[in-house]
Amino acid sequence: MVTDWTPDSWRDFEARQLPIYPDNDKLDKALDQLSSYPPLILGSEARLLKEKLADVAKGKAFVVQGGDCAESFRDFSAESVRATLSALLWMDAVVSYASGKPVVRIGRIAGQFAKPRSSNMEEKDGVSLPSYRGDNVNDISFTEEARLPDPDRLLAGHAQSAITLNLIRAYTQAGDDKWEYAFNGLHDFVNSRSWADDSWRGLVAEMGDAFRFAQSCGGFGNGYAAPCFTSHEALHLPYEEAMVRSDCDYGLDYATSGHFLWIGDRTRFEGSAHVEFLRGVDNPIGLKCGPNLEADELLRLLDVLDPSREAGRITLITRYGADKIEKHLPTLVRAVKAEGRPVAWICDPMHGNGTTTSEGQKTRPFERILDEVKGFFAVHQAEGTYAGGIHLEMTGLDVTECIGGSAGLSEEDLKRRYMTHCDPRLSRDQALEMAFQVADLF
Ligand code: PEP
Ligand code: MN
């Protein structure tokens, strides 16, 4: 039971990374409008996801979470949504086949707009302007006008989230998430990439045989995969507050902006407004754990966020960097295990592995990303705990943002299709390669 909490109780705590609006009346109007809307997701859906994440905490399922660093208004299309959903589904097929465990698919989608920034200002050619904070706050163009926070962007972000959710649900109903579709896509993928490893072709051929056998026995039911859930960083607290709805049958409050919400590494300190807000909603929630999170602080945060020790409630998303994970992760894992806390552990191998090219472009080397995933599996194996999933910044589109991988993307390639609004994402091919690599780890 959550005590002394209201959707706005976070306002008495320290809120970092929130935009300062020039016009508060306009902000209040936008928030009033949002408060009057129906929920984007239902409490029953959040509870279903929590049950699935409880299986992850128990070592019985695996999370594949992925999508844009920042969703954008400009690059939004049916094609981009469908491409990301397909990539997640294909990854699900590879990993669930290899691991023998169901995959819980979660998009960083339908709400992943607001971004925390390391600096309030951005400098370019001697000009200093407020940083870009995500499309639901301001515009990425480097002009003074574009960088001014505009509350109407919250309404636009909400509308895009609703349209995206509508597409996700429609594609699901239309059969786009049938296993048959995934297997056919994977078959084409491994047979059309000269650099695909022979072991991947073998795995896909085996999956095809297994699939046909199951189908002929009627063992696959209607052939649909489980639903794809939505997630984003619960950063923009005024927006999140406006989207809280009560589920009267259960007497519980839900953040109805998405199924799974996480607290970022910059806002998960003790006494944080973000922690206060998420404490009171019944959704499954994530906590990003970076190199400066000490074990005792984590345990105190868990006491606040999950006092009843409910499996599925907390997913710890670790993000250290390939060179740091084996030093930091064991300490947290041991502390959490000693307390008997039922958390799911998943690996974000993106945020600790950023580099900059000689030309100043932000990128991430695929090999370092993969090294962190391998380190994550190795630590959990050594500690007797369960490596429960991966959290990727990725897209189903053919972008060139991260270097490396079997297709050998070079720094020169980054000039071709570098489209992200924030951090560099794995391309569809690199995301699928990651799925085959994870399959190998099982
Ligand atoms: C993110 O997931 O986009 C992000 C900002 O991550 P972190 O909070 O781990 O830095
Ligand atoms: Mn990011």
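Where in the chain does H351 lie, relative to strand 11 and strand 12? H351 sits in the loop that runs from strand 11 (344-347) to strand 12 (355-356). Helices (H or I, at least four residues) and strands (E, at least two) are DSSP runs, numbered from the N terminus.

## Basis of the model

This is a predicted model, in which local features need pLDDT of at least 70 and side-chain atom pairs count only at pLDDT 80 or more, while totals for chains, interfaces and linings use all residues. Residues are numbered from 1 along each chain as its sequence is written, and chains are lettered from A and ligands numbered from 1 in the order in which they are written.

## The site with H351

An unreviewed UniProt entry lists C69, H351, E393 and D423 under "binding site". These four residues span 355 residues in sequence, yet no two of their C-alpha atoms are more than 10.0 Å apart, so they gather at one spot. UniProt positions are given in the numbering used here, feature names are shortened, and annotations may be inferred rather than shown by experiment.

H351 counts as buried because it has 21 C-beta neighbours inside 10 Å. A residue is buried if 20 or more other C-beta atoms lie within 10 Å of its own, exposed if 12 or fewer, and partly exposed in between, with C-beta atoms placed from the backbone. D423 is partly exposed, with 18 other C-beta atoms within 10 Å. D423 belongs to the loop between strand 14 (389-393) and helix 12 (428-441). Apart from neighbours within four places in sequence, D423 is in contact (C-beta atoms, placed from the backbone, within 7 Å) with C69, M350, G354, K362 and E393.

## Around ligand 1

The shell of ligand 1 is made of C69, P116, E233, G264, D265, R266, K288, R319 and H351. A residue is near a molecule or strand if its C-beta atom, placed from the backbone, lies within 6 Å of it. By class, this shell has two nonpolar, two polar and five charged residues. Ala, Val, Leu, Ile, Met, Phe, Trp, Tyr, Cys and Pro count as nonpolar, Asp, Glu, Lys and Arg as charged, and the others, Gly among them, as polar.

The unreviewed UniProt entry also places the feature "binding site" at R108, K288 and R319. K288 is part of strand 9 (residues 285-289) and counts as buried, with 20 C-beta neighbours inside 10 Å. Leaving aside neighbours within four places in sequence, its contacts are W262, I263, G264, D265, R268, I317, R319 and D348. R319 is in the loop between strand 10 (314-318) and helix 10 (325-338), and R319 is buried, with 22 other C-beta atoms within 10 Å. Not counting residues up to four places away in sequence, R319 touches D265, K288, C289, G290, D348, H351 and G352.

## Two domains

The domain assignment, which is automatic or from a database, divides the protein chain into domain 1 (9-177 + 225-441) and domain 2 (188-220). Their C-alpha centres lie 30 Å apart. Nine residues of domain 1 are in contact with six residues of domain 2. On the domain 1 side, the elements that give two or more residues are helix 3 (78-99) and helix 12. Helix 12 gives the most, with four residues. This side of domain 1 has seven nonpolar, one polar and one charged residues.

## The segment before helix 1

W10 lies in the segment before helix 1 (24-36) and is buried, with 23 other C-beta atoms within 10 Å. W10 and L237 are 227 residues apart in sequence, but their C-alpha atoms are 8.1 Å apart in space. Not counting residues up to four places away in sequence, W10 touches A15, L237, A273, E276 and F277.

Q17 also lies in the segment before helix 1. Q17 is not a glycine, although its phi is positive, at about 70°. With 20 C-beta neighbours inside 10 Å, Q17 counts as buried.

## Backbone details elsewhere

A110, in the loop between strand 2 (103-108) and strand 3 (121-124), is another residue other than glycine with a positive phi, near 60°. A110 is buried, with 29 other C-beta atoms within 10 Å.

Strand 6 (residues 244-247) and strand 7 (residues 252-255) run antiparallel and are joined by four bridges; two strands pair if DSSP finds at least two bridges between them. D247 stands opposite L252 in strand 7. The hairpin of these strands has four residues between them, and G251 there takes a positive phi near 65°.

Methods. Two residues are in contact if their C-beta atoms, placed from the backbone, lie within 7 Å.
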